Amino acid sequence: MPSLKELKGRINSVKSTQKITKAKQMVAAAKLRRAQAAAEAGRPYATRLSAVMASLASKVSGSAAPKLLAGTGADAKHLLVVVNTDKGLCGGLNSNLVKAARAKARELIAQGKAIEFYLVGKKGRAPLKRDFPSLIGGGFDTSTVKTPGFDEAEGIANELIALFDSGAFDVAHLIFPTFKSALAQEPTVTQLIPVPAPAEAPVADAVVQYEPGEEEILEELLPRYVRTQLFGALLEREASEQGASMTAMDNATRNAGELIQKLTIQYNRSRQAAITTELIEIIAGAEAL
Amino acid sequence: MPLHFELVTPAKLVRSEQVHMVVVPGTEGEFGVLEGHAPFMSTIRDGAVQIFAKDGAAPEIIQVRGGFAEVGEKGLTILAEHVEA
């Protein structure tokens, strides 16, 4: 049985923890709104670009297709680009991402492919390094900026494309969280490089003129498409992080409240017990006289 | 008839409005787009896009980098990676 003073100390410490989790929850809620707005604002560009890409890619095919679309011709070396958050306190978000990355890596290894990781964000490094100590390649640090924007996406994409051109890998997969709601963020695995050919070929109704040629335009648009994909992933990560953090902190605040209630009851009981004991002592003393 | 003009960056939709004419700095030379232009796609070199709100009015100039222009039935759409007003 802890003493009254100890109980009081514990209640106070849980209360201050609750204050912190509550503050973090409110900050996350405010940031989530902003991140969602940013993700919303980025959508028109992405949809238009993929529409243009689809119409061009259906026209340019075969040997004329640029390397980013057609691939290197080999399928031996795979790069897994894992987008994690930089900060914790966001529940199971990062461990789910790592789990997805691990599953994909195991699948590729089982098929006899060579794999390597390229890590964006800090939180995936330690768990992946534990499982695949020799396979961690480069990475990109996004923790230096407050909110990663298009410049960071550009930096990552340029590095990846340079690696691709130098033949460091044949296929790159992008693993990032998709924001469904504040409660659900799903790890998503997509192929980043070579750019997957669009499934639906749009009907070319009008004769479109191209300046310069179709191939040249496509060649310029492909790196841009990769950048946009990465930018989208960064935006999704931002929204997911804030959403997950909000939910996790909400739970933590509620748990702290329950704990405080329990401790307060215990505190009151033991105080009452102490008073009763004292009274009994006094009465017994008085009776003895 | 006005031309529908949209300027889009990855971060946001910068412009969506009806204008008279837009002069775009294409890779192979500047071109002006009016209402009813034939379908056309071009890459853009880094430079100034001139927007004429009305016929004969002074142009509004927006600097774009890493751009791409598409003229379709719905008007002119410029996709640019960086925009400086």
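Predicted model: local features only at pLDDT ≥ 70, side-chain atom pairs only at ≥ 80, totals over all residues.
User: Why is Ile161(A) called partly exposed?

Analyst: Ile161(A) has 18 C-beta neighbours inside 10 Å. A buried residue needs 20 or more and an exposed one has 12 or fewer, so with its 18 neighbours Ile161(A) counts as partly exposed. The residue is found in helix H6 (residues 150-165) of chain A.

User: Which residues does Ile161(A) touch, not counting those up to four places away in sequence?

Analyst: They are Pro223(A) and Val226(A). Contact here requires C-beta atoms within 7 Å. The C-alpha atoms of Ile161(A) and Pro223(A) are separated by 7.5 Å, and the two residues lie 62 apart along the chain.

User: How do you know that the span of helix H1 (residues 4-41) of chain A agrees with 1.5 Å a residue?

Analyst: The expected span is 1.5 Å times one less than the number of residues. For the 38 residues of H1 that should come to 56 Å, and the end C-alpha atoms are 56 Å apart, so the two agree.

User: What do the buried residues of H1(A) pack against?

Analyst: They pack against helix H7 (214-288) of chain A. The buried residues in question are Gln25(A), Ala28(A), Leu32(A) and Ala35(A).

Terms used. Residues numbered from 1 in each chain as written. Chains lettered and ligands numbered in written order. Helix = DSSP H or I, 4+ residues; strand = E, 2+ residues; numbered from the N terminus. Contact = placed C-beta atoms within 7 Å.
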